[in-house]
Amino acid sequence: MADLAPYRAVLSSRIRSQLAYRRSFALDVAGSAGVGLLEFLSVYVIFTNVTELGGLDFAGVALVFAFANLGFSLADIVVGHVDALPTYLRSGTLDAFLLRPLSVLGQLVTSDVQLRRLGRCAVGVAILAVALPQAGIDWGWGAALLVVAIPLVGAVIFAAVFVAAAAAQFWLVDGAEFTNAFVYGGSNAASYPTSVFTTPLRAAVTFVLPAAFTAYLPTLLLLGEPGPAWTPAWLGWFAPVAAVVAWVVALTGWKAGLRHYTGTGS
Amino acid sequence: MTELIIDVVGLSRDFTVRAPAGRLRRTSRTVHAVRDLTFSVPEGAAVGYIGANGAGKSTTIKMLTGILVPTAGTARTCGKEPHRQRRELAREIGVVFGQRTQLWWDLPLHESFRALAAIHRLPSDRAARRQVELVDRLDLGEFLDTPVRQLSLGQRIRGEIAAALLHSPRLLVLDEPTIGLDVLSKERLRGFLVEERAAHGTSLLLTTHDMDDVQRLTERILVVDHGQMAFDGTLAGLVDRVGAQRVVVLDLLGGAHGVGAGAEVGGGAGGAGEAGVRAAGVPDLRGIPGTELVAVEADGLRQRLAFTPGLTTAAEVIAAVAARATVRDVAIEEPDIEDVVRRLYLSQ
Amino acid sequence: MNPLRTYVVFAALGFRRYSAYRLATAAGAFTNSVFGLLRAPITMAVIGAAGGELAGYGALEGATYAWLTQAVLTPVNVWTWNELALRIRSGDIAVDLARPVDLQMTYLAGDLGRAAFQVLPRGLPPLLVGALVTGLALPTTVLPYVLGLISLALGVCVSFACRWLVNLAAFWLVELRGVLTLHMVAVGALSGLTVPVHWFPDWLARIAAASPFPSMVQAPVDLLAGRVQGVEALGVIGVQVAWFLGVLLLGRVVLARGVRRLVVQGG
């Protein structure tokens, strides 16, 4: 693995230029937090009408929601801007990447960092802080480890989804609209207990697009719940495996996409 | 034996172009952008690569630098296969695309240099020294802190060239670098490139439409037409091939033969200059075998003789002139090369 | 030229502009269907957890609500729209204002043209998928559909009036992102896009009722589903008309103020 200095050089410039405009940045962070709160509002409204959803109570669903949102926004901060690939393809900037002695994906990922998504991150953390004590968790080292690991593994999975969606842009024209269905649909599915879905759909959001591994299944472990048929709680321990598989798929797709680009020209 | 910095054998590249035909169907046809190109360039050489738009120049460059994979044939740059060994090759070449940028668009220029120094793993003292050298000789000092997107075209090109040379590559590839620049900027840039090559022995591959670039910077020309090699040789050889005339410009000391200040004579109509040439005190250069007097300037102290390379040589012309007058200085002007290239295409 | 005909021309332009994006429209319809596929089971699960019925929604009605919201959200165009703001910022608005047509009406006509194009290719696919996957509880008579489509058109109008007003902030603010995001959040929260307004707790329901947002999505969805019928439906339409005219008029007043500011400041 090449040393990280070149990536660091560009990243630090980006961070500095983002923080330079304090007021805009603050507004952006607030806006991102607002979006996060808006999404939680749906969950809140649901629970003013019922006391459980998909086998979990309000605290439990709040945990699933918060873990999913936290994982998604962490991935969004670090990797989210790979969705700029179509712009780079059109402007020939990708050729500039190919002319440097660095990995193209590495350059794309480190070309920017979206610090404003920290707002949504903060909302996730805040919800966790309130919901964790009320969820009836059996606290110990295992539970503490899970709380830290779940959003991190979730972020890795979502990052793979971002990269796979970007790779698709090598083949599709104006394809962002199409891949958004999977990226944001996946995020939506991850925020709720997947036990509400019928088996075929549940299998799709667990084993095809591993949304369930980002929050719901590991949260079942945390809560000591058994989980629905075909996707039981102990699958939650395999979240890291799901992350690895997701990245294998994403990287394979990326390499194929790059081969397609250099093979057909633009 | 010098290594070949570029070695191309049977290089070909096809594109499939799909166009809508009617409301639902699409036709597809194959465009042969590059056809069976073969040439090699030894290290240290400077080659001009010229051709009309769409002749395949940029496609060849892309294949030589690893951006595009050939459909057939092989290309080796700095001894490496561009596509398979992209990253190693990137350490040894510098590339400038005139119409696209390799700098970081919204960051100040010096940040691009910082990033590139880190990317090429240059030791910081070496990078600093090299940057100072480039900034000085390309006059970048006044806009080092300006974001790249705010630079003028000329400033940006100079910045790109500095960025491409920061890691002292063995080969510098320039794709239409002087397009859109004014005459003064072009000349300064050419001057810099000549000095750089002399100082560091960098090989140069230059694609351009500007024939003065070719004349100033390269010793060898490759002319490509519709993807195929139409000419590979020296500029003089090209001129020779299409029979265009070269012009010897002579600065003379007043001679003993009694011809004087004259008006400039239009090219090719030698007879019209007679009257001007009759004035006293200036050498008469008419009648030298194989030449045509095309202009008399500065009261006869500068005269231009056109000659056809096949019929006589520059050396013979100068010798003949020296017999009639004292020559202070000589320059040779190549013909309008747009014209030459056009003639070459027509002669195919 | 008869002004009505002028506006029809603008509407046709709006239609044609969007009809060129065939791939994007297809992809968008796909996205709508995927989201319906996710939201319908969630909505049904909530109803199940509430004992099989919630605020008049049975499981099938709940699913229908989810599919219908996906079907109408594109024509209604709830997400960010900043065309006007960009023209104000660049000064091009001066050119627009110099034309002998009413600016707001031409934009409204264009927006209605756009919505007219998007109704079928973005509205039908999620409904078809919904019919196949969960089934739909739709009315069997014609009147609800007639009223529903009128309500949908009004929903587009209310949405337009609000977006227009928000864009006018460009006369006063340099950075519009904050205002646009705020608008987007408010629409998302209060229009009944993700959970029906009828499920809101009292305090939120009061806030929603005092805003134009439910008139954008919840109203047409309710009427198309036949949840609200007859006289009650006319009442809903009346509320939509009231919000539309109110926000529209406010938009005209604010535009005049903005233009005056522009002229005075020599923008």
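Me: How many residues of chain C are in contact with chain A, and how many of chain A with chain C?

Reply: Contact here means that the C-beta atoms of two residues, placed from the backbone, lie within 7 Å. By that rule 30 residues of chain C are in contact with 31 residues of chain A. This is a predicted model, in which local features need pLDDT of at least 70 and side-chain atom pairs count only at pLDDT 80 or more, while totals for chains, interfaces and linings use all residues. Residues are numbered from 1 along each chain as its sequence is written, with chains lettered from A and ligands numbered from 1 in the order in which they are written.

Me: Which elements of chain C give two or more residues to the side that touches chain A?

Reply: Helices (H or I, at least four residues) and strands (E, at least two) are DSSP runs, numbered from the N terminus. On the side of chain C that touches chain A, the elements giving two or more residues are helix 2 (22-49) and helix 8 (177-190) of chain C. Helix 2 of chain C supplies the largest share, 15 residues.

Me: What is the make-up of that side by class?

Reply: Ala, Val, Leu, Ile, Met, Phe, Trp, Tyr, Cys and Pro count as nonpolar, Asp, Glu, Lys and Arg as charged, and the others, Gly among them, as polar. The side of chain C that touches chain A has 22 nonpolar, 6 polar and 2 charged residues.

Me: Which chains share the most contacts?

Reply: Of the 2 pairs of chains in contact, chains A and C share the most. Between chains A and B, the contact takes 17 residues from chain A and 23 residues from chain B. Helix 1 of chain A gives the most to the side of chain A that touches chain B, with 6 residues. Chains B and C do not touch, and their nearest C-alpha atoms are 13 Å apart.

Me: How is the crossing of helix 2 and helix 7 of chain A read?

Reply: Axes are lines fitted to C-alpha atoms, for helices over the stretch in contact, and angles run from 0 to 180 degrees between N-to-C directions. The axes of helix 2 (residues 22-47) and helix 7 (residues 118-134) of chain A come within 6 Å and cross at roughly 45 degrees. Helix 2 of chain A is therefore oblique to helix 7 of chain A; angles under 35 degrees count as roughly parallel, over 145 as roughly antiparallel, 65 to 115 as roughly perpendicular and the rest as oblique. The residues of this contact divide into 10 nonpolar, 5 polar and 1 charged.

Me: What is the fold pattern of chain C, and how compact is the chain?

Reply: Chain C has 11 helices and 0 strands. Its radius of gyration is 19 Å, close to the 18 Å that the globule rule gives for 267 residues, so chain C is as compact as a globular protein of that length. The radius is taken over C-alpha atoms, and the rule is 2.2 Å times the number of residues to the power 0.38.

Me: Where does N77(C) lie, and is N77(C) buried or partly exposed?

Reply: Most residues other than glycine have a negative phi. Phi of N77(C) is near 60 degrees, a positive value. N77(C) lies in the loop between helix 3 (59-76) and helix 4 (83-90) of chain C. A residue is buried if 20 or more other C-beta atoms, placed from the backbone, lie within 10 Å of its own, exposed if 12 or fewer, and partly exposed in between. N77(C) has 18 C-beta neighbours inside 10 Å and counts as partly exposed.
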